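Please keep the sequence and the 3D view open while you read.

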Amino acid sequence: MLCARLTNAHIVTMDPDHPTARELGIWQGRIVGLDDDVAGLPARRVVDLDGATVLPGFIDSHVHMVWAGLKAQAPSVAPSRRVDDILKVVADAVAARPGGGWVTLADYDQRELDRPLTAKELDAVSDGRKVYLGHISGHACLVNTAILDLLPPHIADSDGFLAEEDMGAVLQLRPPHSLGEMAGAIEHTARVCRSEGVTGVVEAGVGSELFSHSPIEAAAYQLAHESGRLPVRVQLMVAADALRAVDAAREDTTTRAFGLGLRTGFGDGRLSLGAMKVFTDGGMMARTAALTDPYVGSDSNGQLQMDADRLKDTIVAGHRAGWQLAVHAIGDRAVDVALDGLEAAQRARPRPDARHRVEHAGLVRPDQLRRFAELGITAVVQPSFLRYFGDDYATIMGAERAPWLYRGRGFLDHGVRLVGSSDRPVANGAPLRAIQFMVERASASGAVIGPEEGIDVDAALRAYTTDAAYACHWEDSAGSITPGKRADLVVLGDDPRQVDPSRIGDIEVVRTFLEGEEGHGADAS
């Protein structure tokens, strides 16, 4: 007897061998058959979907779950337009949290302020407390003098706006969050993901000295899993700076390792280890993405996180140790560093199925597209960045470079696997909205940025299903509605391929199924 049978459905399988279906059967969390193979079979539960569209559950291949959950609980200073408004929010937050602890706020954005906001101005509303304003990008912060006084002189001698490594120095001073706090944050983010039709995510980096919320952050995911608070499948990236030098046997080619030597592929089911993450540069909002040519109106090219040779050594060492690599590279100079490192890694020890990834690939020159293809690198992009930040990004890149931002068609035409993601909480994480933006490439102002980079809806759906599953080594169990795979499904109020692209983001997510376990819309669990 089947555990469940879904009937009267418009099933878009994403499987070319059986593209559509009207009925499917589920047994012990797996899809056992479609249409005639299951029609009429007895089932404990028969669900009539009344013609609704069923797709494989979406996979968000780059998220920050703890950060997103904690940020949702923190006071927000957005929109960051007037300094006086920000100062009022800070004063209210300080008053609401009496005691001696840090006061943390979210969504700071210096780009559109009416005047510069400094540490000294924060001091006036801090009541002697340590005040930390997290930047919307995650690559910078604004802090008051009480924090600056704790930092080395070369960092403390600033106006309070700190980026990248300097921000990391602040975070190392901040008391770590407890496992309980972090598990709660993970659960919150997971439930939001599930309500948007997401059944699998990749946490984009635990163990980072720069961005970690606790030195034992990974244990929070295990706690959430063990306590039944993980309603999506999670694959953990491990930050490269969490690895330590080891003296393993020479034939094992491992010079750096994490924990007991665990690497990509450990774990199963709801929680597993994925790629090793390597940061090469910063972000465009903080103006720290590393560019070949300067930002428009500036003499700055951004910055690499460390010397290019050290980055290459890290990439090669991770590859030789058997890791899949996820290399954060936003600016085109950083992309060069990432590709150079990955090419050197494959020369040192060929691994044709390593499935290395470049995370973000925010600005990719035409000549770099060919190298992506030759090296077999997957591009993991964030389509929503064009929508929400595209006007700013296009301005700071200029007319020649703006069409290279968060490419779509250019990758596909060169045979590069294209995967979509959100980078939540940096931007809205809903996959349907991102799919719409991959097609339209329209910014918030309505400007179309690089229209030739737009892709069709089918390709955008693949970026969140089959190609995302491949990038996560999940293609045997997820990404398409195929017998034998997990019953990870999303039920939609309409077919994204059949509506006007401008309506895709507004399609209702009716239900989600994770291994046949059902959740409804915003209450999915």
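Strand S9 and strand S10 (residues 131-135) run parallel and are joined by 4 bridges. Leu105 has Leu133 in S10 as its bridge partner. This is a predicted model: local features need pLDDT of at least 70, side-chain atom pairs count only at pLDDT 80 or more, and totals for chains, interfaces and linings use all residues. Residues are numbered from 1 along each chain as its sequence is written, and side-chain values use heavy atoms, leaving out hydrogens and water.

**The sheet**
- The open sheet has 4 strands, ordered S9-S10-S11-S12, with mixed pairing.
- S9 (103-108) and S12 (161-163) are the edge strands; each has a single partner strand, so one side of each lacks a neighbour in the sheet.
- Neighbouring strands are turned by 25° against each other on average, direction ignored.
- Strands pair if DSSP finds at least two bridges between them.
- Helices (H or I, at least four residues) and strands (E, at least two) are DSSP runs, numbered from the N terminus.

**Helices on the sheet**
- Helix H2 (residues 83-96) packs on the sheet and touches S9 and S10; contact means heavy atoms within 4.5 Å.
- The direction of H2 makes about 150° with that of S9. Axes are lines fitted to C-alpha atoms, for helices over the stretch in contact; angles run from 0 to 180 degrees between N-to-C directions.
- Helix H6 (residues 165-173) also packs on the sheet, touching S10, strand S11 (140-143) and S12. Its direction makes about 100° with that of S12.

**A helix crossing**
- The axes of helix H12 (residues 383-401) and helix H14 (residues 431-440) come within 7 Å and cross at roughly 75°.
- H12 and H14 are therefore roughly perpendicular (65 to 115 degrees).
- Among the contact residues are Arg387 and Tyr388 of H12 and Phe437 and Met438 of H14.

How values were computed: Parallel < 35°, antiparallel > 145°, perpendicular 65-115°, else oblique.
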